[in-house]
Amino acid sequence: MSRTPDPIVVVGAGLAGLRAATALRGLGYTGRLVLVGDEPDPPYDRPPLSKEVLTGRVPVSATELPVPADLDARLVLGRAAVRLDRAGRTVLLDDGTALRYGGLVIATGSSAAPWPGPGALPERGVHLLRGRRDAAALREALLAGGPVLVAGAGFLGGEVASAARSMGLPVTLADPAGSPLEAAVGPMAGSFVAAVQAAAGVDLRMGATVAELPDRDGSALLSDGSRVAARTVVLALGARPNTAWLRDSGLGLAPGGALLCDGRRRALDHRGSAVPDIVALGDVAAPPHPFPGPGAPAHLALGHWSEAVDHAAAAAAALLGGAPPREPAVPSFWSDQFGLRIRSVGLPRAADLAEVLEHDLPDRRLEVVYRRGGRTVGALTVNRTSRLAAHRRRIARGLTGQEVRTDSGIAIGRLP
């Protein structure tokens, strides 16, 4: 690969793209390297945007990621990929530039899910949060005062609500689920988080969605018929992989739009065959489900920060024809909100049974183990981070078929 006259092109200049580029150099690739990003900003980290940036603890500029001095990559910023020509081994950019590649890394990430309607978004008062400019604009809106309505009680929605409450603003949090984070970690952990949010003064509207955005009197209509005051509305409705530019490429896309790939992150074509000169990484990638079984999809886009970090070296090695990793990486994610250090390993949403090992609401401590078919598939802790290492080891053994199946008699909650 290092001798090809065409460079390796990395489309996506975020964490995943930068990690892939760094891994390529670390594995000995000495050829030309091009890093393309659709934003004009240099690579930056997204998780702090909904936490420290919104609260003002750090400026937006502090999210910039360090670029190794010896990366020796050409940065093409402010340009989006609009088409992939696999036959011509070319990526077409929105300014008409055609970049030929000898190897391609697709790390275009995801965008905030749009407002489903009715009506178009107003020019002011309604915010999405995905990039640095989004965070800066929302920070200014929060400084102008509340009340704040957050649509979506997932991790992002909870972090935005936490930031707003820390600034003393009235917050309403609406979600169609029965409790916050329910889709990701189940109802038991969700009810724990709900209790903390309510104690912090959040007006929880579970089982309700935002039906209409604020009118002239500044109130929004919820699906349950109630109206809530909202000077600022934040839409935290999930994310969509940025793969529209791949629609005519012959590559396989999952139902949610992510790019199908194998365990080494090599892209799959529409026949399911691995494409050796293209790998996918980060939010855009849908690798094989880590815990396959009845009812589970064959491929799953994880959408976690750890996906980019844990698999960059494997993807780079696959592109260069190197050996696969010896051990599977265990997915992980985290969230900081309302004084809770929420940490998880594995895939709690893949479970059919959850066992609570500790539930201490006054001291804000929680530990939950998630199982499927007797195997541990996930674990979550709140303010008990040190307990995750043992769970991670157990999950890793399960990924390699080494964990012994167990049926606990103290499991107290079944996931939907």
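Arg364 sits in the loop between β24 and β25, where strands are DSSP E runs of at least two residues and helices are H or I runs of at least four, numbered from the N terminus. The model is predicted, so local features need pLDDT of at least 70 and side-chain atom pairs pLDDT 80 or more, while totals for chains, interfaces and linings use all residues. Residues are numbered from 1 along each chain as its sequence is written, and side-chain values use heavy atoms, leaving out hydrogens and water.

Though not a glycine, Arg364 has a positive phi of about 55°. Arg364 is partly exposed, at 28% relative accessible area (buried is under 20%, exposed over 50%, partly exposed in between; 1.4 Å probe, protein chains only).

Across them, His359 stands opposite Leu366 in β25. Further along β25 (residues 365-372) comes Arg371, which counts as buried at 14% relative accessibility. Its side chain makes a polar contact of 2.9 Å with that of Glu355 (N or O atoms within 3.5 Å, one able to donate a hydrogen and the other to accept it; residues adjacent in sequence count only if both atoms are side-chain atoms).

The whole sheet is open and antiparallel, with five strands in the order β22-β23-β26-β25-β24. β22 (332-337) and β24 (353-360) are the edges, each with a single partner strand, so one side of each lacks a neighbour in the sheet.

Methods:
Two strands pair if DSSP finds at least two bridges between them.
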